[in-house]
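Please look over the sequence and the fold shown below. The paragraphs that follow go through salt bridges, a helix, a sheet and a surface patch in turn.

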Amino acid sequence: MMTLQAVVVTVAGLDRAEVEGWIAQDLVRPAQDGEAEVFHNIDVARLHLIQGLRHDLRLEEDALPVVLRLMDQLYDARRRLRRLRDAVERGAAPDARDAALRVLLEG
């Protein structure tokens, strides 16, 4: 875990005020440790993503929540498909496996 100050020092080009704005917009959600905000590795990765979208791709600030929400949905769908694949590979009953595959293929 890292403090906001450590994150700003560690991640090149990251601006403290910008990060605080992203926290206020709920684009990144650091944990609370007493009164201090602490960032887990996943939070730091999200900051890298936001920074890349904002600066490298020049995505407008008001588009960030929409793009991040869509990316979160995509990652969630991938995670669910991975769990389904794992269940199928573990030997789900053939009728259950076939039903699941039909649902996936139909829609």
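Arginine 79 counts as partly exposed, at 40% relative accessibility; the term covers values between buried, under 20% relative accessible area, and exposed, over 50%, with a 1.4 Å probe and protein chains only. This is a predicted model, in which local features need pLDDT of at least 70 and side-chain atom pairs count only at pLDDT 80 or more, while totals for chains, interfaces and linings use all residues. Residues are numbered from 1 along each chain as its sequence is written, and side-chain values use heavy atoms, with hydrogens and water left out.

The side chain of arginine 79 meets that of aspartate 76 in a salt bridge, at 3.1 Å from N to O. A salt bridge here is a side-chain nitrogen of Lys or Arg within 4 Å of a carboxyl oxygen of Asp or Glu. Arginine 79 and aspartate 76 are 3 residues apart in helix H4, so about one helical turn separates them. Helices are DSSP runs of H or I with at least four residues, strands are runs of E with at least two, and both are numbered from the N terminus. Aspartate 76 is partly exposed as well, with a relative accessible area of 27%. Salt bridges link Asp76, Arg79 and Arg80 in a network.

How many salt bridges does the rule give? The count comes to 6. Another of them joins arginine 16 to glutamate 20, with the closest N and O atoms 3.2 Å apart. These two residues lie 4 residues apart in helix H2, which means a separation of about one helical turn. Arginine 16 is partly exposed at 37% relative accessible area, and glutamate 20 is partly exposed at 36%. A further salt bridge is formed by glutamate 61 and arginine 54, whose closest N and O atoms are 2.7 Å apart. Glutamate 61 has a relative accessible area of 25% and is partly exposed; arginine 54, at 24%, is partly exposed too.

Next comes helix H3, which spans residues 41-56 and has 16 residues. From first C-alpha to last, H3 reaches 21 Å, close to the expected 22 Å, a figure found as 1.5 Å times one less than the number of residues. Which residues of H3 are buried? They are Asp43, Val44, Leu47, Ile50, Gln51, Gly52 and Leu53. Their cover includes strand S1 (2-3), helix H1 (4-10), helix H2 (16-24), strand S3 (36-39) and helix H4 (64-89), where contact means heavy atoms within 4.5 Å. After H3 comes arginine 58, with a positive phi near 55 degrees.

Strands S1 and S3 also belong to a sheet. The sheet is open, has 3 strands in the order S1-S3-S2, and pairs them antiparallel. S1 and strand S2 (31-33) are at the edges, each with a single partner strand, so one side of each has no neighbour in the sheet. Strands count as paired if DSSP finds at least two bridges between them, and S1 and S3 are joined by 2. Threonine 3 stands opposite valine 38 in S3.

On the surface, Leu81, Leu101, Leu104 and Leu105 form a nonpolar patch with about 400 Å² of accessible area together. Helix H5 (residues 94-106) gives the largest share of the patch, 3 residues. Patches take residues with over 30% relative accessible area and no salt bridge, joining like charges within 9 Å and nonpolar side chains (Val, Leu, Ile, Met, Phe, Trp, Tyr) within 5 Å; areas come from the Shrake-Rupley method with a 1.4 Å probe, and for residues only the protein chains shown count as cover. Leucine 104 is placed in helix H5 and is partly exposed, with a relative accessible area of 40%.
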